[in-house]
Structures are given as C-alpha cells and as structure tokens.
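Dear colleague,

I am handing over the structure below, and my notes on what was found in it follow. Please read them with the coordinates open beside you.

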Amino acid sequence: MTLQQIIYFIEIAHTQHFTQAAQNLFVSQSALSYSIQALERELGVPLFIRRKSERKVEMTAYGKKFLPYCEMALDTEPIARQELFMYLSKSNSLAEREKLSLYDIQDQQIIGYYKNSNLYDWITEMFQESGLKPNMTSSYQEWASHMVYVSLDQGIAILPNLPYDSSTISKVKIDHPKSKRYIYILSPQDGRLTSAAEHIRNYCVQWAKENQDKVY
C-alpha cells in the first residue's frame with residue numbers, strides 16, 4: 001500500500017466519481033482505476049461498488065470502514081508538481097530522441113531507485129499500467145550513483161529533474177500520463193509539531209502557493 005493509493009482512495013470516496021477524481025488528481029482515469037484495483041487486491045476486499053449504467057460509484061461497507069482510518073492516519077498537502085525524466089548515456093541509440101515511451105525502453109536495463117520507496121513503486125506502476133515489466137537490474141538510493149552508471153551506459157535511470165553531466169548523459173522527456181506527479185507534505189492529524197517542524201511546514205506551504213503553476 002502506498003501513500004498515493006491512499007490519496008487516490010480518499011479523493012474517489014469524496015467525489016464518488018472516478019472521472020472527477022482523476023481530473024482533480026491530474027492523472028488518467030485508467031491509472032486511477034488500476035491503482036485502486038491494486039489496493040483492493042492487496043486488502044482482499046472491494047472498496048467501491050461499480051455500476052456500468054451509472055458514472056458514480058459507491059463505497060462498500062469495507063470502504064466506509066477503511067476511509068476514517070485513512071483520513072485519521074495522515075494530513076497531506078500537495079506542495080509541488082514534479083516531472084520525471086529518462087537519463088541515458090550519450091552513446092545510447094535513443095539518446096537523441098526528444099521524448100520516449102516505456103515501450104521504447106522495454107528491452108533496456110533500468111537502474112532503479114531503492115525498493116519500497118515511493119519513487120520505486122511509482123515507476124513500477126507506470127510500467128504495469130502500460131502492460132510492461134521493468135527490467136530493473138540494480139537499485140540505488142543515491143541519485144549520484146544512478147548518474148555514474150548511466151554515464152557508463154550500464155542502463156537507463158528514471159528520476160526527477162536533477163543535476164547531470166550533459167557531456168555524457170542525455171535527459172529525455174517521458175511520454176506517459178504519470179510522468180508528472182504531486183509531492184506532498186505529511187503531518188500528524190492532531191497537529192502536534194515542534195516549532196522547528198511547524199516553521200519548515202509553513203515555509204513549504206507558502207513556497208508552494210507562490211509556485212503552484214510550475215512543474216519541477
């Protein structure tokens with residue numbers, strides 16, 4: 001279960017509408033449906049009643065019981081939209097392309113982010129929604145390690161906008177609806193924060209308001 005799935009679930013529960021929820025979350029409806037289906041499989045119970053004749057959905061008894069726990073567990077605020085890119089060695093035959101789909105790199109080795117991280121799960125979902133399985137040969141926590149192995153043409157990395165050596169590495173846009181995502185701040189529902197944590201949270205929220213139209 002990921003934070004993104006919980007956020008998706010809460011939004012659908014509030015709107016009672018997959019299409020409206022997808023628009024509010026800036027994701028495709030297929031990506032939203034896939035994510036909720038994966039969550040239901042993990043929990044082993046249906047969360048929503050879907051009727052083909054109606055566009056709205058209803059929560060099941062399981063969904064109604066699950067919702068309060070999700071809302072109590074966290075308080076989230078989107079602070080920025082982040083774009084993911086593919087980083088390739090200049091010697092890679094795809095390096096000169098302006099944009100690449102996941103189908104274009106399905107046979108390429110992927111240098112993954114460390115398992116159980118939000119980014120790892122996000123990238124895995126991107127491939128699964130495209131009916132593909134990522135060929136992740138290794139994973140690292142430090143983005144600098146990714147850049148080293150990319151420069152040596154040991155694979156392709158999918159990462160946010162980061163510093164890189166343009167003489168050895170190319171940064172290419174990703175043709176996928178989930179190439180852009182929200183970054184959230186999590187804080188306790190009861191509001192118990194130290195003064196330092198409260199100051200940082202307020203700074204981030206204010207920064208987000210001033211830069212809400214930008215993608216990073």
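Which residue in strand 6 is the bridge partner of tyrosine 113? In this model, which is a predicted one, that partner is tyrosine 140. The pair belongs to a parallel arrangement in which strand 5, residues 110-113, is joined to strand 6, residues 136-140, by four bridges. Strand 5 is also joined to strand 7, residues 156-160, by two bridges, and these two strands likewise run parallel; here isoleucine 111 stands opposite alanine 157 of strand 7.

Turning to the helices, the axes of helix 1 and helix 3 (residues 29-43) come within 10 Å and cross at roughly 105°, and since angles of 65 to 115 degrees count as roughly perpendicular, the two helices are therefore described as roughly perpendicular to each other. On the side of helix 1 the contact is made by Gln5, Tyr8, Phe9 and Ile12, which meet Leu32, Ser35, Ile36, Ala38, Leu39 and Glu42 of helix 3. Seven of the residues in this contact are nonpolar, two are polar and one is charged.

Lastly, there is the second largest pocket, with a volume of about 220 Å³. Helix 1 (3-15), helix 5 (118-129) and strand 9 (180-187) are the elements that each give two or more residues to its lining, and the largest share, five residues, comes from strand 9. The lining includes Leu3, Gln4, Asn118, Trp122, Arg181 and Tyr184, and by class it has eight nonpolar, three polar and one charged residues.

With best wishes

Key
Residues are numbered from 1 along each chain as its sequence is written. This is a predicted model: local features need pLDDT of at least 70, side-chain atom pairs count only at pLDDT 80 or more; totals for chains, interfaces and linings use all residues. Side-chain values use heavy atoms; hydrogens and water are left out. On a 1 Å grid over the protein atoms alone, a cavity is a set of points where a 1.4 Å probe fits but cannot get out, and a pocket is an open set with protein on both sides within 12 Å along at least five of seven lines; lining residues have an atom within 4 Å of a point. Grid points are joined across faces, edges and corners, and a volume is the space filled by probe spheres set on the points. Ala, Val, Leu, Ile, Met, Phe, Trp, Tyr, Cys and Pro count as nonpolar, Asp, Glu, Lys and Arg as charged, and the others, Gly among them, as polar. Two strands pair if DSSP finds at least two bridges between them. Axes are lines fitted to C-alpha atoms, for helices over the stretch in contact, and angles run from 0 to 180 degrees between N-to-C directions. Angles under 35 degrees count as roughly parallel, over 145 as roughly antiparallel, 65 to 115 as roughly perpendicular and the rest as oblique. Contact means heavy atoms within 4.5 Å.
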